[in-house]
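Subject: Structure handover

Hello,

Here is the structure you are taking over. Please look through it first, then read the notes below it.

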Amino acid sequence: MTHTYTEGLVMLAELPIKPGEREAFLNYTVENLEISRSAKGNLAFDILVDVSSPETVLFYEVWESAAAQQAYMAWRIERGDLTTLMSFLAGEPKFTALRRIAG
C-alpha cells in the first residue's frame with residue numbers, strides 16, 4: 001500500500017527553560033502568540049507545558065507548507081526574536097518536523 005502525505009507541515013519545538021525563568025518565558029511567548037498565529041501560512045500555534053516536567057515548554061505549530069514555516073522563522077530571526085527566546089533556554093531546543101498521512 002502506498003501512502004500519500006498532506007502538503008502541510010507540523011512542527012514541534014521542545015524548549016528546556018532555565019530554572020526560575022518559566023514565567024518570564026511564558027509571558028514573553030504569550031505576548032507574541034497572536035503575531036505567530038497571524039503569520040502567513042500558519043494554521044495553528046499553541047504553547048504547551050509538559051505536566052511531568054514544568055520546565056519543558058513545547059510549541060505546536062501547523063503550517064500550510066514548509067516554505068511558510070521557513071519564511072516565518074527567517075522573519076523571526078531578522079527581528080531578533082530568536083535571540084531573545086534563546087536567552088531563556090537551559091539547553092538546545094529540539095525541533096521535529098512532521099507530515100500528516102492523507103487518509
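The largest nonpolar core has 19 residues. A nonpolar core here is a set of buried Ala, Val, Leu, Ile, Met, Phe, Trp, Tyr and Cys residues joined through side-chain atoms within 4.5 Å. Buried means under 20% relative accessible area, exposed means over 50%, and partly exposed lies in between (1.4 Å probe, protein chains only). The core residues with the most contacts inside it are Leu15, Ile17, Phe25, Val57, Phe59, Trp63 and Leu85. The elements that give two or more residues to this core are β1, α1 (22–31), β3 and α3. Its largest share, 4 residues, comes from β1.

A note on the basis of all this. This is a predicted model, in which local features need pLDDT of at least 70 and side-chain atom pairs count only at pLDDT 80 or more, while totals for chains, interfaces and linings use all residues. Residues are numbered from 1 along each chain as its sequence is written, and side-chain values use heavy atoms, with hydrogens and water left out. Helices (H or I, at least four residues) and strands (E, at least two) are DSSP runs, numbered from the N terminus.

Next, helix α3. It covers residues 66–79, 14 residues, and reaches 20 Å from its first C-alpha to its last, close to the 20 Å expected; the expected span is 1.5 Å times one less than the number of residues. Which residues of α3 are buried? They are Ala68, Gln69, Tyr72 and Arg76. Seen down the helix axis, the buried residues of α3 fall within an arc of 100°, so they line one face. The arc is that of the directions from the axis to the C-beta atoms. The face turned away from the buried side carries the exposed residues Ala67, Gln70, Ile77 and Glu78. What covers the buried residues includes β1 (9–16), α2 (33–37), β2, β3 and α4 (81–86). Just after α3, Gly80 takes a positive phi of about 90°.

Gln69 counts as buried because its relative accessibility is 10%. Not counting residues up to four places away in sequence, Gln69 touches Leu9, Met11, Glu61 and Trp63.

Finally, Val51 sits in the loop between β2 (42–49) and β3 (56–63). Val51 counts as exposed because its relative accessibility is 79%.

Regards

Terms used: Contact means heavy atoms within 4.5 Å.
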